[in-house]
Amino acid sequence: MSVRALGVAACAALLLLLPFAGRPYTTTLLLPAFGYAIALLGLNLLFGSAGLLSFGHALFVALGGYTAALLTSRLGVRHLEIVLLAAAVTAALVAVPVGLLCVRYVKIYFGMLTLAFGMLFYSFLYKFYTLTGGDEGMRVLRPVLLGRPLEHLDTVAFLTGPFYYYALAVLVLAALVMRRLLASPFGLSLRSIRENATKAESLGLSVRRYRLAAFVVAAVFGAVGGALLVVPTGLADPLLAYWTHSGNLIFMLVLGGFDHFFGPVLGAVVFILLQDQVMSLTPYWRFVFGAILAVVVVFFPRGLMGLVDPRRAPAS
């Protein structure tokens, strides 16, 4: 067995056994990391494979969160499988018209357009109080997992037990799907477009169509991650769509390493754990995070995965 396979197996065993370690706080701390990791898998498809950096990806994370809130608290739909499916479908429906406009542009213009749409959605969530709850947000009721209400469990037992393994299973499934996409002709086409869009188009690839497809897939992953993200807190609020949240997503991606498949997952986990530690030490944690990002970009441009797997070539 290779060193890489051993590392993956060790991490998987650690995650599976963590709830039995007797520290519910650490277990619940990882729950948002699972949601972020799913969203980052999509964002990394858009950036790492297609070469398009979105400054408004939090739009779709918030869309997933508010879909979960609307279904559970307003429409009485509590089955998490239905919630995740609805979040994915809603994100795809929104991503198509937004993407049709955004993928006409590249580089900073693409990023600024996505940022603009993200802030429009934030304003909608903040201003339409009767529909979205405004700055108070919307409640997210405890979902039903695989047809089991689990009402007999208290909140901590629910989050550190059934929901923890459910979220972990969704992350594994999302990673397998993304792995398959990257290894498919679709993934290869995206990487060829990233390297040289003009040459790819001359070979018969529809550049805008592939970029739109990547945008929609990234949106679906973001919404699924967002739907899982709001369950532990029980609240979907407008800050999910704010531009600083999109900045956090990019920070996680750079921190983990966007040229490695597992970079987004590592970035999400390290970000959550590091944020918890720094916030407990100083109220100026954003300043500390900014300094850390600067160090990573300057000295470790391939992120933390570059330290773990230094011989790996940039992701193709």
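Ring pairs join Tyr122, Tyr126, Tyr242 and Trp243 into a cluster, where rings of Phe, Tyr and Trp (its six-membered ring) pair if their centres lie within 6.5 Å. The model is a predicted one, in which local features need pLDDT of at least 70, side-chain atom pairs count only at pLDDT 80 or more, and totals for chains, interfaces and linings use all residues. Residues are numbered from 1 along each chain as its sequence is written, and side-chain values use heavy atoms, with hydrogens and water left out.

A pair of aromatic rings is described by the distance of the centres and the angle of the planes. Planes under 30 degrees apart count as stacked, over 60 as edge-to-face and the rest as tilted. The whole structure holds 17 aromatic pairs. One of them is formed by Tyr122 and Tyr242, a tilted pair with 4.8 Å centre to centre and 50° between the planes. This pair links distant parts of the chain, 120 residues apart: Tyr122 belongs to helix α5 (residues 107–127), and Tyr242 to the loop between β2 (235–236) and α12 (243–256). Helices (H or I, at least four residues) and strands (E, at least two) are DSSP runs, numbered from the N terminus.

Tyr122 is buried, at a relative accessible area of 16%, whereas Tyr242 is partly exposed, at 25%. Buried means under 20% relative accessible area, exposed over 50%, and partly exposed in between (1.4 Å probe, protein chains only). Helix α5 also contains Leu120, which counts as exposed because its relative accessibility is 56%. The C-alpha atoms of Leu120 and Tyr242 are separated by 9.5 Å, although the two residues are 122 residues apart along the chain.

Two arginines lie over aromatic rings. Arg142 sits over the face of Phe158, at 4.6 Å from the ring centre, and Arg179 over the face of Phe261, at 4.7 Å from the ring centre. The criterion for a charge over a ring is that NZ of Lys or CZ of Arg is within 6 Å of the ring centre and within 35 degrees of the ring normal.

Ser54 occupies the loop between α2 (24–49) and α3 (58–74). Because its relative accessibility is 3%, Ser54 counts as buried. Its side chain reaches the backbone nitrogen of Gly56 at 3.2 Å, and a polar contact of 3.5 Å joins the side chains of Ser54 and Thr114. A polar contact is a pair of N or O atoms within 3.5 Å; within protein, one must be able to donate a hydrogen and the other to accept it, and residues adjacent in sequence count only if both atoms are side-chain atoms. Leaving aside neighbours within four places in sequence, Ser54 is in contact (heavy atoms within 4.5 Å) with Leu43, Leu46, Phe110, Thr114 and Ile250.

Towards the end of this account comes the loop between α13 and α14, where Thr282 is found. Thr282 counts as buried because its relative accessibility is 19%. A polar atom of the Thr282 side chain lies 3.0 Å from the backbone nitrogen of Tyr284. Phe271 and Phe289 are both buried as well.
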